Amino acid sequence: MAGLKVLSALDLAKTQLYHFKAIIIAGMGLFTDAYDLFCITPVMKLIGRVYYEDQDIEESVRGVVPPSVVSITVATALIGTVFGKLVFGYCGDKCGRKRVYGFALLIMIFSSIGCGFSICKTRKCVITSLCFFRFMLGFGIGGDYPISATIMSEFANKATRGSFIATVFSMQGFGILTSSAVTMILCVIFNHASESKNTVTRTPDEADLLWRLILMFGAIPAAMTFYWRMMMPETARYTALVDQNLRQAVKDMEGVLDIPMTEITEEHDFVPMSPTYGIFSREFFWRHGQDLFACASSWFLVDVVFYSSNLFQSHVYSDLLRDPHKLNAYQQAYDVAKLQAIIAVCSTIPGYWATVIFIDRIGRVKIQMLGFLVMGLCMFAIGIPYYQYWHDHTNAGFLILYGLTFFFSNFGPNTTTFIVPAELFPARFRSTCHGISGAIGKIGAIIGSVGFLWASQSQNEKDVDKGYLKGIGMTNVLVILGGISLLGMVLTYFFTRETMGRSLEENEVEYGASNQTSFMACFGVADQTSPEHHHQTSSHVRPSISSTTSSSTTRTQLYHFKAIIIAGMGLFTDAYDLFCITPVMKLIGRIYYEGQDIDESERGTIPPSVVSITVSTALIGTVFGNLVFGYCGDRFGRKRVYGSALLIMILSSIGSGFSICRTRKCVITSLCFFRFMLGFGIGGDYPISATIMSEFANKATRGSFIATVFSMQGFGILTSSAVTMLLCGIFNRASESMNKVAQTPDGADLLWRLILTFGAIPAAMTFYWRMLMPETA
């Protein structure tokens with residue numbers, strides 16, 4: 001397989017502009033991961049000041065989110081990551097990298113926005129909603145890990161493959177800096193605009209908007225690269241070796257590598273047959289069991305240690321930051337973000353780029369062993385004298401050791417464990433094995449961020465922090481973490497194979513070239529490959545399965561009906577929104593217009609002026625959408641702008657349901673904004689859907705086809721009524737006040753949001769197929 005010209009061209013290709021483009025596109029998932037991981041700390045500070053300042057909370061912990069809630073919030077994202085890695089890793093090998101790549105990013109975008117729009121007005125409901133969306137965010141991030149690493153490894157040349165994958169991983173550094181920068185900028189803006197900037201006794205209502213904006217901002221860079229992610233071709237290795245479509249692989253790589261097709265086209269359109277064993281077979285265990293164990297165990301151990309870094313946070317914050325009791329919410333969040341930025345610039349980001357520079361010079365194994373060793377030594381240096389010295393002396397020495405753990409985790413196993421699984425396994429198992437390794441790693445992250453945090457509490461019950469249980473003490477925990485680091489170094493030495501300077505196909509040879517494999521391979525026979533392997537890879541070939549385009553016909557075909565469904569979703573959403581807004585406004589009136597400041601005769605009813613503005617904003621957006629997308633459809637092509645219109649509609653429908661804040665003015669303003677954007681997307685969908693359907697249809701039935709697309713509005717009307725009636729019935733039965741009319745229950749605030757949000761579901765279900773539609777002839 002290594003003899004295929006197209007794969008050899010990839011291995012020997014010079015670094016080109018497309019490589020850097022692929023790094024940016026692939027790195028956005030890692031950017032979002034780091035952004036979420038580092039912005040959640042100041043966000044939880046803000047949530048504590050907004051939702052945990054009630055008089056029913058003990059004064060000493062007032063304004064602080066309980067540790068159990070923080071742990072659950074952190075763990076939900078990590079649990080989602082575990083499932084995401086397993087599911088998307090498998091799907092990446094089964095369905096192709098390209099097909100699932102955009103879907104993972106889409107989940108991340110929606111979930112980041114959903115985290116910011118965590119619904120309801122009570123602390124319990126907000127935290128529950130936040131945890132749900134953080135689970136989904138983790139699911140998307142977990143899915144992005146194996147696919148991004150696999151795609152970058154399969155596009156890169158063998159000389160700089162490690163640097164390219166490490167650069168993708170280093171996008172986490174930009175995510176950390178951006179999270180701190182965004183938090184600090186927004187805190188300054190809100191603090192200057194707030195009337196209570198010199199007051200610490202009461203947190204203003206606007207702080208509830210601040211933390212939501214911080215969380216949502218992480219979706220913007222990811223959304224900006226979504227279109228390019230969908231336009232990326234399938235990797236040549238997957239197309240040629242898994243799909244067995246050599247002709248398509250050559251065609252895709254001609255544009256990517258900027259190489260004449262004649263130089264990478266085979267004389268005979270045949271691909272060597274791949275072995276047929278499965279991932280749960282004895283054959284797989286014989287060939288790749290050691291590699292999978294090495295990758296998974298190393299990732300597990302480094303994540304236990306790396307995610308335990310929050311053990312020091314309270315210690316560092318208490319000594320280096322201003323007293324939070326003398327600050328307002330904005331100043332407290334600002335200080336936390338500032339310290340995170342300093343640590344990132346001084347230790348974390350240099351570690352990433354040290355790996356980028358040296359990984360293809362020193363090698364993966366040596367960097368991983370060095371990182372584990374120094375991390376272990378730092379843990380011992382902090383842990384053994386912790387209570388005797390460091391507990392009362394947060395000086396430069398402590399900060400240097402603290403920074404070195406971050407530097408050598410990134411110039412070490414935190415980066416290499418992301419790289420090596422993308423290089424060791426055959427193409428048909430590559431993303432699955434990367435996903436398995438990463439999932440086991442994230443289990444270690446849960447143990448480190450939650451388990452060791454609670455275990456680090458003092459053995460003396462009097463010294464245990466509020467909200468925690470008695471633990472085994474910081475010294476014992478840090479010594480254990482140091483031992484885990486040294487264990488990682490030992491396992492790396494004995495089990496991890498070096499992949500530097502070798503093609504991906506060469507790395508599939510398990511026991512050849514003993515000087516480039518792990519220490520354990522030295523004890524094996526020169527060639528332990530099973531006889532079945534020799535039999536299967538000898539000379540058996542099969543022809544490439546290439547797709548052919550059938551000649552166009554005038555008969556009505558299945559694709560026409562598929563196009564009707566895809567094109568009709570914009571009209572469906574339009575009608576759904578138009579007819580559901582009336583009962584929604586009734587509900588909003590009963591929730592936000594029942595205050596004592598409203599005349600009793602009008603209480604529970606939205607003023608006509610507000611209703612008129614809410615309705616007209618969507619129509620105004622539709623006007624602009626028709627004009628802008630109509631022009632863009634002719635300028636750039638129907639396909640390029642088609643998915644964008646539906647994406648705006650989906651995001652805006654969700655945004656309408658998650659209209660933020662707790663005051664009527666803020667809710668209506670947010671709702672009007674998202675209805676304008678919804679109208680903009682709907683308006684953009686009108687001309688493109690009609691044009692695409694007219695250009696796909698045959699002349700005999702073209703009118704019927706376009707009319708059928710338009711008739712999808714009828715299903716939108718019926719669905720809006722059915723969803724509203726069904727949800728109202730459910731909420732009415734579940735409500736304790738089903739026979740009372742005096743007071744509207746809090747659950748009604750969730751009801752109208754669900755009604756609006758539901759309109760996005762059918763559109764989202766067709767988004768993938770819309771992106772795969774070809775340009776009209």
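# A tour of the helices and aromatic pairs

Select helix 16 and helix 21: helix 16 passes helix 21 in a left-handed crossing. A crossing is called left-handed if the near helix is turned anticlockwise from the far one by less than a right angle, and right-handed if it is turned clockwise. Helices (H or I, at least four residues) and strands (E, at least two) are DSSP runs, numbered from the N terminus.

The model is predicted, with local features needing pLDDT of at least 70 and side-chain atom pairs counting only at pLDDT 80 or more, while totals for chains, interfaces and linings use all residues. Residues are numbered from 1 along each chain as its sequence is written, and side-chain values use heavy atoms, leaving out hydrogens and water.

**Stop 1: helix 16 and helix 21**

Two packed helices are described by the angle between their axes and the distance between the axes. Helix 16 covers residues 364-383 and helix 21 covers residues 474-495; their axes lie 8 Å apart, at an angle of about 165 degrees. Axes are lines fitted to C-alpha atoms, for helices over the stretch in contact, and angles run from 0 to 180 degrees between N-to-C directions. Helix 16 and helix 21 are therefore roughly antiparallel. The classes are roughly parallel for angles under 35 degrees, roughly antiparallel for those over 145, roughly perpendicular from 65 to 115 and oblique for the rest.

From helix 16, the residues include Phe372, Met375, Gly376 and Met379; from helix 21, they include Leu478, Gly482, Leu486 and Met489. This contact of helix 16 with helix 21 has 14 nonpolar, nine polar and no charged residues. Ala, Val, Leu, Ile, Met, Phe, Trp, Tyr, Cys and Pro count as nonpolar, Asp, Glu, Lys and Arg as charged, and the others, Gly among them, as polar.

**Stop 2: helix 16 and helix 17**

Helix 16 passes helix 17 in a left-handed crossing. Which residues of helix 16 meet helix 17? Among them are Leu370, Val374, Cys378 and Ile382, and the helix 17 side includes Phe398, Leu401, Thr405 and Phe408. Sorted by class, the contact of helix 16 with helix 17 has twelve nonpolar, three polar and no charged residues.

**Stop 3: helix 25 and helix 27**

Move to residues 608-636 (helix 25) and residues 664-696 (helix 27), which pack at an angle of about 35 degrees with axes 6 Å apart. Helix 25 passes helix 27 in a right-handed crossing. The contact of helix 25 with helix 27 holds 16 nonpolar, eleven polar and one charged.

**Stop 4: aromatic pairs**

A pair of aromatic rings is described by the distance of the centres and the angle of the planes. Rings of Phe, Tyr and Trp (its six-membered ring) pair if their centres lie within 6.5 Å; planes under 30 degrees apart count as stacked, over 60 as edge-to-face and the rest as tilted. By this rule, the count is 29 aromatic pairs.

Select Tyr277 and Phe429, a tilted pair with 5.6 Å centre to centre and 35 degrees between the planes. Tyr277 lies in the loop between strand 1 (270-272) and helix 13 (282-306), and Phe429 in the loop between helix 19 (421-424) and helix 20 (430-455), so the pair ties together parts that are 152 residues apart in sequence. Are Tyr277 and Phe429 buried or exposed? Both Tyr277 and Phe429 are buried; buried means under 20% relative accessible area, exposed over 50% and partly exposed in between (1.4 Å probe, protein chains only).

Next, select Phe306 and Phe406. Their ring centres are 6.1 Å apart and their planes stand at 85 degrees, so the pair is edge-to-face. Phe306 lies in helix 13 and Phe406 in helix 17 (residues 396-410), so this pair ties together parts that are 100 residues apart in sequence. Phe306 is buried, with a relative accessible area of 10%, and Phe406 is buried at 6%.

Then select Tyr145, Phe169, Trp299, Tyr352 and Phe418, which form one aromatic cluster.

**Stop 5: two single residues**

Ala34 is in helix 2 (residues 17-51). Ala34 is buried, with a relative accessible area of 3%. Leaving aside residues up to four places away in sequence, Ala34 touches Gln172, Gly175 and Ile176.

Thr122 is in the loop between helix 4 (97-116) and helix 5 (123-155). With a relative accessible area of 36%, Thr122 is partly exposed. The C-alpha atoms of Thr122 and Tyr51 are separated by 7.7 Å, though the residues are 71 apart along the chain.

**Last view: the whole chain**

Zoom out. The protein chain has 31 helices and two strands. Of its 777 residues, 57% count as buried.

Methods. Contact = heavy atoms within 4.5 Å.
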